[in-house]
Structures are given as structure tokens and as C-alpha cells.
Amino acid sequence: MRVWLVTSFALALAWAPAGRAEEATALIWKGAKTRAEAEALLPAWKPIGQVLSSGGIAVPEGGPTLVESNTLPGLKPGFWVWVVGICPREDGGAVLEHLKSVAPDAYARDVKVPKEKLACPGLEAATLKVDSHRFKLDGGRVLQVFTYEESEAPEDDMPGDTFTRTHYRFALMSKAGQVLHSVAVVGEEDFSGDVRNGPAAYRCTVASIRRAKKDTVVFTRHCQAGIAECGSVVSGDEVTTLTLSGDSIESKEARRNEVREECVTD
């Protein structure tokens, strides 16, 4: 089933008075010569968008948007392109850097649009980073690791949990750099809170990220409780096994070397 998208901002641009246009940067994911060819590319965006959003990069609602290039002054006519956003000229470079880390084919073009038609991906909450772990696979594919941060603390004197977490997102990428599938695993973590069962404070550190077999990567983190209830886990290793199967990643979690708080009775 075809997805027919009519872009309100593209239609507005076609009729916008030239005198109101300002210099801007269009961020383009991919394009094609015909609309049908461009529409066929859209399913490949879903895993890309997932990595971007998990890393705090806010793509404008409904994006990317399919645009006929001759409706956007500055683009070469005769194409249909997927526009991720249109940014002020000074902001486009930073957004493109994040975009290209997940979609290497993405590019920027100088355009002219009315100021009110700018729709730039937000980086206010962006914490996405390319990790140093990168595993080469058959067929030119790569398992690239990304990280992003999460934190929470109660406001003022209100009770609640306080935590910081580093998430590790494992992205299976094709030879051309297309994200095929990804899964996220919690890594470093520092938690304290008001809980009724289990540890009230704990810290986890990543012990290793290693290749166990040709198609298997093992992620291990060690967790240690600071305050623990009787019988609750006081320390242990949490192991996630990632198995690459075709164009997908299967994950399985297990706990090892578990130690529980002793219960002392009078």
C-alpha cells in the first residue's frame, strides 16, 4: 500500500513571496527521481528514527517529510526527497552531524524558506554518542554501539527516586550504513530511592562488551547494592547475550554470580 504524503510546508513554500524567504539548511535523508521510488525507501527510516529518538534527538512531528524538490528553492529540480528538517543556517551543521552518525547518506542543502516554515530537529535533550565498540560482520555489515544518557531526580524536597543511567544501543548496520535493527541495554547505573522491597541504593558498571562467537556479542555489567533488605540481591552480574540472526538482533538476559543479603534472626 502506498503512503501518499502532502506536505503543508512544501505547498506553502511554493506560494511564499520570495521577499520573505530566508537562508536555511535543509537536512535530507534520501531521495529518488520518482515519487514511487522515494516512497519505497520509507520503511528503512523506522530503525533510524528509533535510534535518534532514544538518544534525545527530536525530529519534527511526522518527519521525515516527502517533498518534491522543485517546491523547495535551492534544491535541484526533478527529484523527490525525504526532508528530516529545515534549520536556521547556523544550526544545521550540528543536527547533520547527529543524523549522519545513524544515516551516513544524509546530507544538507542550502535553501530559502519563510522563517515561519523552519522546522529543525531539536537537540536540547540530545545525548546520543557513537561508542568505540564496533564489530565487523559478514557481508560488510557492522554492529555499531551507540550510547545515550538518562537521569531523574525529585524536585525540591519531594520524595522520589534519583538515578542516572547510560543506555547502550546496539545497531546492526548494512554495508551501505543503513540501520537494519537495534536493541538497547542499560549499562552504567546509579540508583537511590524509596523502595519497599529489594535494594534501596545500587550502582552498576559495565564489566565488558565482547565478541563471544562469530555472530554473538556478550554485554556484562556488575551491580552492587549499597543498602539491601533481608534476602534481596546485594551483588551480581547481569549478562545480555546478543545474537545476530539475518537482519535482526535477538537478546537474552541472565543473572550470574548472585549474592543475597543474609537474614539475621535473634
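Which residues is Leu52 in contact with, leaving aside its neighbours within four places in sequence? They are Trp45, Ile57, Val59, His98, Leu99, Val102 and Leu128. Contact means heavy atoms within 4.5 Å.

This is a predicted model, where local features need pLDDT of at least 70, side-chain atom pairs count only at pLDDT 80 or more, and totals for chains, interfaces and linings use all residues. Residues are numbered from 1 along each chain as its sequence is written, and side-chain values use heavy atoms, without hydrogens and water.

**The sheet**
- An open sheet has 4 strands in the order E2-E3-E1-E4, with antiparallel pairing.
- Strands E2 (65-68) and E4 (107-114) stand at the edges with a single partner strand each, so one side of each has no neighbour in the sheet.
- Neighbouring strands are turned by 50° against each other on average, direction ignored.
- Strands are DSSP runs (E, at least two residues), as are helices (H or I, at least four), numbered from the N terminus.
- Two strands pair if DSSP finds at least two bridges between them.
- Strand E1 (residues 21-32) pairs with E4 over 8 bridges.
- Ile28 has Tyr107 in E4 as its bridge partner.

**The cores**
- A nonpolar core is a set of buried Ala, Val, Leu, Ile, Met, Phe, Trp, Tyr and Cys residues joined through side-chain atoms within 4.5 Å.
- Buried means under 20% relative accessible area (1.4 Å probe, protein chains only).
- The largest core has 26 residues; Trp29, Ile48, Leu52, Leu99 and Val102 touch the most other members.
- E1, helix H3 (45-54), E3, H4 and strand E7 (162-173) each give this core two or more residues.
- A second, separate core of 15 residues includes Phe135, Leu143, Phe170 and Leu172.

Terms used
Axes are lines fitted to C-alpha atoms, for helices over the stretch in contact, and angles run from 0 to 180 degrees between N-to-C directions. Buried means under 20% relative accessible area, exposed over 50%, partly exposed in between (1.4 Å probe, protein chains only).
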